[in-house]
Amino acid sequence: MLRTKLLPHVRTLTSLTPRYLPFSSLTDKLDSYCEENPGDAIYTKNRIIDNWIKSGNFINARKVFDEMPMRDVVTYNLLISGYRKCGMPEQSLYLYCEMFSDGIKESPSTFSSVLSICNDARFCGEGIQVHCRVIKLGLDFNLYVGSSLVGLYMSMGLVDLASRVFDELPERNLATWNMVFRGFCEMGRFDNLLGLYIEMKLENVQENGLTLCYLIRGCCHQRFFNEGRQLHCHVIKVGFVDSNNFVANSLVDFYSACGSLSDAKKSFQSIPLGDVISWNSILTVCADNGLSFEALELFYMMQFWGMKSSIRSFVGFLNLSSMNGDVIFGKQIHCCVLKLGFDHGCVYVQSALIDMYGKCRDIEDSVSVYESSSKTSLVCCNSLMTSLLYCGIVDDVIEMFCLMVDEGIGLDEVTFSTAMKALSESDLMCLASCQLVHCFAIKLGFESDVSVSCSLMNAYSRSGHVQLSQQVFRQLPCPNVFCFTSIISGFARCGLGRECLKMLQVLIQKGLKPDKVTFLCVLNGCSHSGLVEDGRHVFNSMKSIHEVPPEREHFSCMVDMLGRAGLLDEAETLLQQAPGKGDCVMWSSLLRSCRVHSNEIVGRRAAKALLELDPEDAAVHLQVSNFYSLIGEFEASRQIRESAIARKMAREIGHSLINSNLSRYDFDFNKLKHHAARSTLFS
């Protein structure tokens, strides 16, 4: 009743914006009103705070807050939510602590705001503490608080824990279901998506366009192609293709991701002509699949119909240039970007330009684009780091990482992964440097990220500390096939073949599917450890059990392993079964093993095959010459060696070998000096 009488007066006060009434005058009127009505002072000032926050004036809102002798939960909720929306999470958490100290009990709205803040990786620890407080107050079964907890654990990568919180909720609305779908998509848990969708339908929760977008995105994998087509039929049946362009565009992305470009084009043609999003989607699809002619034709048609190309389209073109190493085409796209003004303030275009020049090995232009950006951003720094790494300038990558730490630019999983890869290839590589970067990753909450963990395992194993790689692997909450491959590669590098085989068995027992890289690492481990029988079993099981056909690298590894063990006849037979009946690397490996084991018969055939495969390579002639010298055929050895020298001299006639090498090193040195002069900008 009191609030009903009070409301017109409060509306009058709160409708007065700073243009019409100064802050001091407004607060004076407010104070006088509150003195006359002390029972409603908090409610009145809460309305004033809310008005200031909506107008974006946090200074005046905070002044009213600080001058209040008494506050309630709504007062704190207003400022906590306001600071969160304006990107000031530290202030929000500080206010929450102050609220707790004042003995004011939280409401569900408080926890929703605070847990949303804790979704940031920097505040994961605080989020777990807030969860404890939620349980203590008995609000863990509240729909809105529970949904926020699900979002928190999804953002932390703890999918199983998020699923447990989700399953315990007595009621789930559509927003909560969509949050779970998004989390499973981002974590790559596509196997669970369709089962969850069926469960949602059993609860009579009706899906919306966002739900179907997540489901279709989850099917963007060759294994779920049939399920995606069934979803397409359902989308047509419920009418979302005609009414929701986001769903229609997700179908275009789905078919392109599964390699069915004809279906992608059909899905595009069913979308109304005037939809710019669909045009940019199909243009990007063509660019991502290397169809440069089709992409350019679509780009021309968009200009003809007066449609504006999006940032995504230009990023797709620049990625196409990166894939093909076509710097000329990339520069043409750069000119178009400059003409349309996309180079100013768009970090994604700037990042794609930096990456494009780096992948085309034009590091000078890559650095120039970085320097021309008006504001240093994390995305552009990461692109420059990956470009420097791609061009082999690993020391500048480490220098860039130190710059980002010193200037507080921010670090993410890409930063840490790139820095660890650079460290593993650098002359500065040592255990202390790896541990320093590892400490930074732990401090910022990235130690459980897959890419960071894989890079850490690789760096530790390269430095000879494979036991530290094992510790990183054990701390992963849910390792995927890439994590298993990284630790297996570390074991193989250190000659621990038995451990490679054990980890392969663990991978299979967890229901994961090893890929061709996993098998290659296992075979390398068996080769370096002399585990011929185990290696043979793994090789034979690739196609028969795991449906992974062996490629050239797997045959090469097996030939090397059998050759080391002296099984030269078996190695030669297997080599004949390789794609193209082997290459120079395989035959060279077999010939080397014949020299070690003094097998003249197989060695002669390997030497003949090598000379036929690459008759112009002087190194091949020298290796064959050494083999004939070893078996006592000195005349044949001499003739082959003289032929190799003659070929080398004929190819370089008119040039001094010494001057040639000096000029090459002088060129590289000048380039290095020029780059060093530019890299002082990073110090």
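**Salt bridges**

I started with a search of the whole structure, which turned up 17 salt bridges. My cut-off for a salt bridge was a side-chain nitrogen of Lys or Arg within 4 Å of a carboxyl oxygen of Asp or Glu. This is a predicted model, where local features need pLDDT of at least 70 and side-chain atom pairs count only at pLDDT 80 or more, while totals for chains, interfaces and linings use all residues. Residues are numbered from 1 along each chain as its sequence is written, and side-chain values use heavy atoms, with hydrogens and water left out.

I looked up Arg-172 next. It forms a salt bridge with Glu-203, and the closest N and O atoms are 2.4 Å apart. Arg-172 sits in the loop between helix H10 (159-167) and helix H11 (174-186), and Glu-203 in the loop between helix H12 (193-202) and helix H13 (209-218), so the pair ties together parts that are 31 residues apart in sequence. Helices here are DSSP runs of H or I with at least four residues, strands are runs of E with at least two, and the numbering goes from the N terminus.

Then I checked burial for the pair. Arg-172 counts as buried because its relative accessibility is 11%, while Glu-203, at 34%, is partly exposed. For these words I used under 20% relative accessible area for buried, over 50% for exposed and partly exposed in between, with a 1.4 Å probe and protein chains only. I also noted that Arg-172, Glu-199 and Glu-203 are linked in a network of salt bridges.

I moved on to pairs inside a helix. Arg-536 and Glu-533 form a salt bridge, with 2.7 Å between the closest N and O atoms. Both are in helix H33 (residues 532-544), three residues apart, about one turn of the helix. Glu-533 counts as exposed because its relative accessibility is 55%.

In helix H39 (residues 634-651), Glu-635 and Arg-638 are separated by about one helical turn, because they are three residues apart. Their side chains meet in a salt bridge at 2.3 Å, N to O. Glu-635 has a relative accessible area of 43%, so I put it down as partly exposed. Arg-638 is partly exposed too, at 38%.

**Helix packing**

I took two helix pairs. Helix H30 (residues 481-493) packs with helix H32 (residues 516-529) at an angle of about 20 degrees, and their axes are 9 Å apart. Axes are lines fitted to C-alpha atoms, for helices over the stretch in contact, and angles between N-to-C directions run from 0 to 180 degrees. H30 and H32 are therefore roughly parallel to each other. The classes I used are roughly parallel under 35 degrees, roughly antiparallel over 145, roughly perpendicular from 65 to 115, and oblique for the rest.

The crossing of H30 and H32 is left-handed. A crossing is left-handed if the near helix is turned anticlockwise from the far one by less than a right angle, and right-handed if clockwise.

For helix H25 (residues 394-406) and helix H26 (residues 413-425) I noted an angle of about 140 degrees, with the axes 8 Å apart. H25 and H26 are therefore oblique to each other. Their crossing is left-handed.

**Buried alanines**

I checked Ala-61, which is in helix H4 (residues 58-67). Its relative accessibility is 0%, so it counts as buried. Its C-alpha atom is 9.7 Å from that of Leu-78, 17 residues apart along the chain.

Ala-287 lies in helix H18 (residues 276-288). Ala-287 is buried, with a relative accessible area of 0%. I found 9.9 Å between the C-alpha atoms of Ala-287 and Met-323, which are 36 residues apart along the chain.

**Positive phi**

I wrote down Arg-361, which has a positive phi of about 60 degrees although it is not a glycine. Its place is in the loop between helix H22 (347-359) and helix H23 (363-372). Arg-361 counts as exposed at 52% relative accessibility.

Glu-547 is not a glycine either, yet it has a positive phi of about 60 degrees. I located it in the loop between H33 and helix H34 (552-564). Glu-547 is exposed, with a relative accessible area of 62%.

**Surface patch**

Last, I looked at a nonpolar surface patch of about 500 Å², made by Tyr-300, Met-301, Phe-304 and Trp-305. Patches are made of residues with over 30% relative accessible area and no salt bridge, like charges being joined within 9 Å and nonpolar side chains (Val, Leu, Ile, Met, Phe, Trp, Tyr) within 5 Å. Accessible areas come from the Shrake-Rupley method with a 1.4 Å probe, and for residues only the protein chains shown count as cover. Tyr-300 lies in helix H19 (residues 292-304), and it is exposed at 58% relative accessible area.
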